Amino acid sequence: MISDTIHEHMKTIQLIKVKSLISKAITIDPTDTISSVINKITKNNCYDVFYLKDKNVLSTNIRSLLNAKNINKMKIESFLYPIPHVTQNESVQKVANIMAHYRIRDVPVVDKNQIIGVVTSKQIIKLLSSKDNKWIKANLIYTKNPITISSSESISNARRIMTNKRIDHLPVLNQGKIKQVLTSYHILQSIIPSEKQGRKSMIPKTLHALESNIGNLGSTRIPLCSANDDLNKIINLMLKTNTTCCLVNLWDNLQGIITYRDILVLLASKLETQIPLYIVGMPDDQENIELINSKFAKILKRLQNVYSEIHEARVSIKQQRTGNKKEGKFEVAVMIIISHHTPLIFSSIGFDLSEVLEDLSQKLLRTLSKRAKNRSKDSIRKIGLPIF
C-alpha cells in the first residue's frame with residue numbers, strides 16, 4: 001500500500017538525531033505579563049515559547065493567547081501547559097509526533113535540566129525538501145474542504161473558529177473567491193497596541209479590533225497548487241514564500257489546504273499491523289505502550305474481518321494533565337480511512353486507557369458492521385434478489 005511505501009521512504013529522515021537541528025529557544029517567565037510575552041513572540045517571529053519548571057517544560061503559543069483579556073496586567077502563568085521535550089540524541093520522528101499531536105511548531109530540547117534550544121517544524125520541512133518526493137502528490141496529504149470565512153465577518157468570529165477548532169489558517173472569501181489567508185499571527189498582531197500607543201489605549205483598541213471586519217487582513221502571498229502537484233514542489237513553494245500553508249485549487253475553486261502539520265504527519269509512528277496504523281502521542285510508560293499495541297492490533301484485525309476496504313488507521317492520544325500531576329484523562333481519537341469515502345472519525349475520553357480503547361473498539365465495530373450490512377443489501381438489490 002502507498003502508506004507503507006511513504007513510511008519506508010521517510011525512514012532516513014525519521015532517524016536523524018535532534019542534535020544536528022537545534023536552534024534558539026524563546027523562553028519566558030511565569031511572572032511575565034501576557035503583553036510582554038506577545039511582544040517577545042512578535043520580535044522573534046516565533047510561534048511557541050517555553051519555561052522549564054523543575055523537570056517539566058511548560059509552553060504556550062500564538063493560538064492559545066488569542067483568548068487573552070486584559071493582556072497588560074494578566075500574567076502568562078495561567079496560559080502555560082506541560083508539553084513533552086526531547087534530548088539531543090532522540091529522533092526527528094519523535095519530534096514530528098509531538099508537533100503533530102500537540103499542534104505546535106517548536107519542540108524544546110532539554111539537557112542537564114536546561115532548555116538548550118528547539119527543533120522547529122520549518123527545519124524538518126527543509127530536511128524533507130532534500131529527498132525526492134515527486135511521487136507523493138498533494139491529494140495524498142491535503143485536508144479536504146477546509147473551513148473558510150467571509151471577509152465581511154468579524155475578527156472576533158475568526159478568533160473563535162481558530163481557538164475552537166485548534167487551527168491557525170483560515171482562507172478568506174471575498175465575493176466567492178479566496179483572496180487571502182488569515183492566520184492566528186495576523187489576529188494577534190491586530191489586537192495588540194503598538195508601543196507608541198501606551199498602556200491606557202490597550203483595552204479599547206483590542207475591543208475595537210475584534211469587532212472590526214476581517215476585510216483585507218491576512219496574507220495574499222499564499223502559494224497555490226493542484227491536487228496532482230508533488231510534495232517537493234509544495235514544500236519549495238512554502239519555503240520560498242515563507243508561509244506555513246499551501247492552498248489546493250482546481251479551476252479557482254478551493255479543494256483543500258496543506259499545512260506544516262499535514263506534511264509532518266508523514267513522519268508519524270507506524271505500528272506493524274495488517275492495516276497500516278499511525279499513532280501520534282504514544283505514552284512514555286511501557287505498560288500503556290504494550291496495551292495500545294496489542295489492543296489496536298486486535299481491533300484492526302476484527303475491523304478487517306467485517307469491512308475489507310480500510311486503507312489505514314490514524315490514532316491520536318493525549319493525556320489531559322494540569323500542573324505536575326501524573327494522572328489525567330486519556331483523550332483518544334481514531335481516523336479510519338476507507339477507499340472512496342470520507343474518513344470516519346471516532347473519539348473517546350476517560351481515566352482508564354483500557355476502557356477508552358474498548359469503547360472506541362465497540363464504536364468502530366458497530367459503525368463498520370452496519371456499513372458492511374448496508375453495502376450487502378445494496379448489492380442484493382442491484383442483482384434483483386429478495387432481501388430477507
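Trainee: How do the axes of H6 and H10 cross, and within what distance do they come?
Mentor: In this predicted model, they come within 9 Å and cross at roughly 140°. The axes are lines fitted to C-alpha atoms over the stretch in contact, with angles from 0 to 180 degrees between N-to-C directions. That angle makes H6 oblique to H10, as under 35 degrees counts as roughly parallel, over 145 as roughly antiparallel, 65 to 115 as roughly perpendicular and the rest as oblique.

Trainee: Which residues meet there?
Mentor: From H6, Lys122, Ile125, Lys126, Leu128 and Ser129 meet Asn232, Ile235, Asn236 and Leu239 of H10. Contact means heavy atoms within 4.5 Å.

Trainee: OK, new topic: what does Ile124 touch?
Mentor: Leaving aside residues up to four places away in sequence, Ile124 touches Val92, Val95, Met99, Val119, Leu264 and Leu267.

Trainee: And Ser219, where is that?
Mentor: Ser219 sits in the loop between helix H9 (202-211) and strand E10 (224-225). Helices (H or I, at least four residues) and strands (E, at least two) are DSSP runs, numbered from the N terminus.

Trainee: What does the Ser219 side chain reach?
Mentor: The backbone nitrogen of Arg221, at 3.2 Å. Ser219 also touches Gln180, Val181 and His186, not counting residues up to four places away in sequence.

Note on methods
Residues are numbered from 1 along each chain as its sequence is written. This is a predicted model: local features need pLDDT of at least 70, side-chain atom pairs count only at pLDDT 80 or more; totals for chains, interfaces and linings use all residues. Side-chain values use heavy atoms; hydrogens and water are left out. A polar contact is a pair of N or O atoms within 3.5 Å; within protein, one must be able to donate a hydrogen and the other to accept it, and residues adjacent in sequence count only if both atoms are side-chain atoms.
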